Amino acid sequence: MRRTKLSPRLWISFILLGLTGQFAWTIENMYFNVFLYNTITTDPSYIATMVAASAIVATLTTLIMGAVSDKVGRRKPFICLGYILWGISTLAFGFISVENISALFPAANAAAVAAWTVIIMDCVMTFFGSTANDAALNAYITDTTDTSNRARVESVFATLPLISMLVIFGGFDNMTQKGEWQKFFVVFGLIVTITGIVSLFLLKDSAVEPKKWNMLGDILYGFKPSVMKSSKALYIALCAGMIISIAVQIFFPYLIVYLQHGLGFDDYSIILAVALIFASVVSVASGGVIDKIGKLRCMLPCCAIMLIGLVLMFFAKDMVFVMVAGAIMMSGYMLVTATISAIVRDHTPVEKAGMFQGIRMIFMVLLPMIIGPYIGAAVIKSNPEKYIELGVEKIVPTSSIFVAAAIALVFVVIPVLMLIKNTGENNEK
């Protein structure tokens with residue numbers, strides 16, 4: 001199979017937009033949780049509710065805005081303007097606090113109102129982020145790549161969340177530990193906004209044929225039985241992605257909280273740095289190999305690596321053991337994410353890439369982010385161990401979240417085997 005070469009400008013656009021977007025998503029997926037837990041309330045139900053609410057908004061936004069970008073025949077305006085507003089809404093979190101809420105609503109339960117303010121603002125931020133990233137940028141990547149290079153592209157994209165976490169943990173986490181949340185959110189809000197402005201000059205729009213607008217029909221296109229039947233392999237791949245994402249969402253929203261409060265590691269950024277650097281190197285080095293060997297052939301071995309890492313994380317208590325277990329777990333996570341994402345792209349009809357981004361969001365974001373965090377919260381709440389801080393009883397996160405994630409991950413075998421049978425393992429490379 002002949003490989004299609006991607007231009008340097010395209011690679012720069014991918015990496016700049018992808019990495020900056022991951023800064024915003026890392027802050028949302030991990031630091032909003034820590035911000036909520038450390039400054040407003042330790043009740044994990046608020047974290048689960050925030051994750052679920054943002055997932056619903058992300059899915060609805062992607063369904064609608066992906067179809068709109070197909071209809072308009074352009075991705076660039078949605079990406080650039082979306083990033084600018086995404087950054088502004090991220091910046092706004094720096095001004096949410098119990099004190100500010102108490103001053104505005106003196107008769108209200110300030111902590112509860114502050115928690116719900118964070119949840120609502122998270123939904124606003126998610127709307128702009130999903131328009132720019134989930135809908136427009138993902139469709140743009142599908143427009144500009146093909147089956148010969150998608151695993152390579154996805155393997156690079158799979159490292160961006162890790163690089164994002166590494167940059168944030170290594171260079172900016174001390175702000176959050178000092179309680180400098182306003183400075184933290186302002187810095188990254190400005191980074192995302194500036195990226196949107198730069199993209200106005202850098203990004204070269206993909207050539208997409210404008211389509212006649214049938215709003216309801218385009219939004220619901222991917223739900224039609226005839227479409228599901230004709231794109232059976234795509235929906236099976238999405239089911240596999242959903243199971244993987246559920247497993248990740250069981251532990252990921254609580255990971256920093258677990259390292260900080262469950263294991264008592266104040267310097268958890270060192271642990272994460274080692275695990276993330278190792279996993280990033282493994283992911284980038286494996287992209288071309290996955291394209292060459294075949295994505296389906298790599299799926300179960302990659303899942304097995306992640307499974308081993310999850311089991312080891314359950315037993316890991318000292319820093320070195322956690323570093324090793326975390327490196328294995330995150331390597332497997334990156335490999336399986338890159339592989340399943342490439343498979344989903346391969347089976348997505350290019351001429352309707354925007355319409356299918358919402359369907360992808362339902363399977364790989366909405367359902368996992370509703371199901372996974374609530375499973376994690378239930379596991380954490382079942383832990384009888386608690387501690388008292390400033391007279392307030394707080395729940396201690398438990399390593400059982402990794403066992404629950406491992407059990408969920410095992411079920412991915414079913415759709416993977418179905419996909420192999422449906423497509424033919426020798427025909428999917």
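Residues count as buried under 20% relative accessible area, as exposed over 50% and as partly exposed in between (1.4 Å probe, protein chains only). The model is predicted, with local features needing pLDDT of at least 70 and side-chain atom pairs pLDDT 80 or more, while totals for chains, interfaces and linings use all residues. Residues are numbered from 1 along each chain as its sequence is written, and side-chain values use heavy atoms, without hydrogens and water.

**View 1. Cysteines Cys80 and Cys302.** Cys302 is buried, at 6% relative accessibility. Cys80 is also buried, with a relative accessible area of 1%. Cys302 is in no disulfide (a pair of cysteine sulfur atoms within 2.5 Å), since the nearest cysteine sulfur, that of Cys298, is 5.5 Å away. The disulfide count by this rule is 0.

View 2. Helices (H or I, at least four residues) are DSSP runs numbered from the N terminus. Rings of Phe, Tyr and Trp (its six-membered ring) pair if their centres lie within 6.5 Å; planes under 30 degrees apart are stacked, over 60 edge-to-face and the rest tilted. The structure holds 26 such pairs. The Phe23 and Phe188 rings are edge-to-face, because their centres are 5.6 Å apart and their planes at 65 degrees. Phe23 lies in α1 (residues 8-39) and Phe188 in α8 (residues 181-202), 165 residues apart. Both Phe23 and Phe188 are buried. Tyr31 and Phe184 form a tilted pair, with centres 5.0 Å apart and planes at 45 degrees.

**View 3. Helix α12 (residues 255-262).** This helix is largely enclosed by the rest of the structure, because 6 of its 8 residues are buried. Among them are Leu255 and Tyr258. Gly264, which follows α12, has a positive phi near 75 degrees.

Technical notes: Helices (H or I, at least four residues) and strands (E, at least two) are DSSP runs, numbered from the N terminus.
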